[in-house]
Amino acid sequence: MLVAPSVLSADFGRLNEEILAICETGCDYIHVDVMDGHFVPNMTLGPVVVQSIAKLATKPLDIHLMVDNNNFFIDLFAPLKPEIISFHLESERHPHRLIQKIKSLGIKAGIVLNPHTSEQSLKYLLQDLDLVLLMSVNPGFGGQRFIKNVLQKAKNLKELEKIQGAKCLIEVDGGVNESNINNLKEAGVDIVVAGTYVFSSGDYKKAVNSLK
Ligand code: DX5
Ligand code: ZN
């Protein structure tokens, strides 16, 4: 299992230390949640802060946009050379065009699905995607309870991938911890995002390892 700790749950008063400490674990990505106060009722990291995270991080960045204006934020973050940028299908009128744009910038393109959005809505996009991020909470906040129907959605998505011969990573975000990690693995999930579970554990290495 690949693990992407979410900096949203880090102590922002000691962000440098937190980034260095999390990069010392066996984690695979640093998950960066970007919120605009419109698409979701919260605001998080702007380009100045993400830039300092990018400078410090020794692990690739996995940027999760939760915004109305995806184009604007992609232009803002692309120069930081993240490994992945994912945007919500629910916030985009022209997802196919946006996938091409992200890829043309040399970045892996992902689409995020809210809990109510069916994997079938990706039927005509799957071939072009590098990653699908399935929300297992409603986006906007850390520390929420895991919504179990994501497990069936991940299985259905895996099936759809097989039928189409598509190869994209499946990532799950929200409420991930040791009680659901085995079910996520069994459902075919490749990457889990973990905020609260890792950052409130007291031992980041141990927490990341327990998910891996
Ligand atoms: C929620 C964010 C998540 C959040 C996960 O909108 O997308 O990445 O940080 O936090 P936990 O693991 O605490 O649910
Ligand atoms: Zn996220």
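In this predicted model, helix α4 is followed by Gly106, a residue with a positive phi near 80°.

**Helix α4 and its two sides**

Helix α4 spans residues 95-104, and its buried residues are Pro95, Leu98, Ile99 and Ile102. They sit on the same side of α4, because the arc they cover around the axis is only 105°. The other side of α4 carries Arg97 and Ser104, both exposed. What lies over the buried residues? The cover of α4 includes helix α3 (70-77) and the strands β4 (84-88) and β5 (108-113).

Ser104 belongs to helix α4. Its relative accessibility is 61%, so Ser104 counts as exposed. The C-alpha atoms of Ser104 and Gly174 are 29 Å apart, and the two residues are separated by 70 residues along the chain.

**Helix α1**

Helix α1 covers residues 15-23. Its buried residues are Leu15, Glu18, Ile19, Ile22 and Cys23. Here too the arc decides the matter: these residues cover only 125° around the axis, which puts them on the same side of α1. Their cover includes two strands, β1 (2-5) and β2. It also includes the helices α2 (47-56), α7 (196-199) and α8 (204-211).

**The zinc site**

Which residues hold the zinc ion (ligand 2)? His31 coordinates it through NE2, His64 through ND1, and Asp33 and Asp173 through OD atoms. The distances run from 2.0 to 2.3 Å. Six donor atoms surround the zinc ion (ligand 2), and the angles they subtend are 70 to 169°, so the arrangement is octahedral. Along the chain, the donors follow the spacing H-x1-D-x30-H-x108-D. Asp33 and His64 link distant parts of the chain. Asp33 lies in strand β2 (residues 30-35), and His64 lies in strand β3 (residues 61-66). The two are 31 residues apart. Both Asp33 and His64 are buried.

**Single residues worth a look**

Ser136 sits in the loop between β6 (131-135) and α5. Is Ser136 buried or exposed? Its relative accessible area is 0%, so Ser136 is buried. Leaving aside neighbours within four places in sequence, Ser136 is in contact with Arg145, Phe146, Ile147, Val150, Val172, Asp173 and Gly174. One of these, Asp173, also coordinates the zinc ion (ligand 2).

Lys153 is found in helix α5 (residues 150-164). This lysine counts as buried because its relative accessibility is 7%, and the cut-off for buried is under 20%. Not counting residues up to four places away in sequence, Lys153 touches Leu113, Asn114, Pro115, His116, Thr117, Glu119 and Leu134.

Lys81 makes a contrast. It occupies the loop between α3 and β4. With a relative accessible area of 67%, Lys81 is exposed. Its phi is positive, about 55°, although Lys81 is not a glycine. Most residues other than glycine have a negative phi.

| Residue | Relative accessible area | State |
|---|---|---|
| Lys81 | 67% | exposed |
| Ser104 | 61% | exposed |
| Ser136 | 0% | buried |
| Lys153 | 7% | buried |

**The whole chain**

The protein chain has eight helices and eight strands. Its radius of gyration is 16 Å, close to the 17 Å that the globule rule gives for 212 residues, so the chain is as compact as a globular protein of that length. Along the principal axes, its C-alpha atoms fill a box of roughly 45 × 35 × 30 Å.

How much of the chain is buried? Of the 212 residues, 53% count as buried. The protein chain exposes about 9,700 Å², and carbon and sulfur atoms supply 51% of that area. Contacts reach across the sequence as well. Among those between residues at least 6 apart in sequence, 64% join residues at least 24 apart.

Notes
Residues numbered from 1 in each chain as written. Chains lettered and ligands numbered in written order. Predicted model: local features only at pLDDT ≥ 70, side-chain atom pairs only at ≥ 80, totals over all residues. Heavy atoms only, no water. Donors = N, O, S within 2.8 Å, 3.2 Å for Na, K, Ca; no water. Tetrahedral: all angles 85-135°; square planar, octahedral: opposite > 155°, others 65-115°. Helix = DSSP H or I, 4+ residues; strand = E, 2+ residues; numbered from the N terminus. Buried < 20%, exposed > 50% of the residue type's maximum accessible area, 1.4 Å probe, protein only. Rg over C-alpha atoms; globule rule 2.2 N^0.38 Å. Contact = heavy atoms within 4.5 Å. Areas by Shrake-Rupley, 256 points an atom, 1.4 Å probe, with all protein chains shown as cover. Arc of directions from axis to C-beta.
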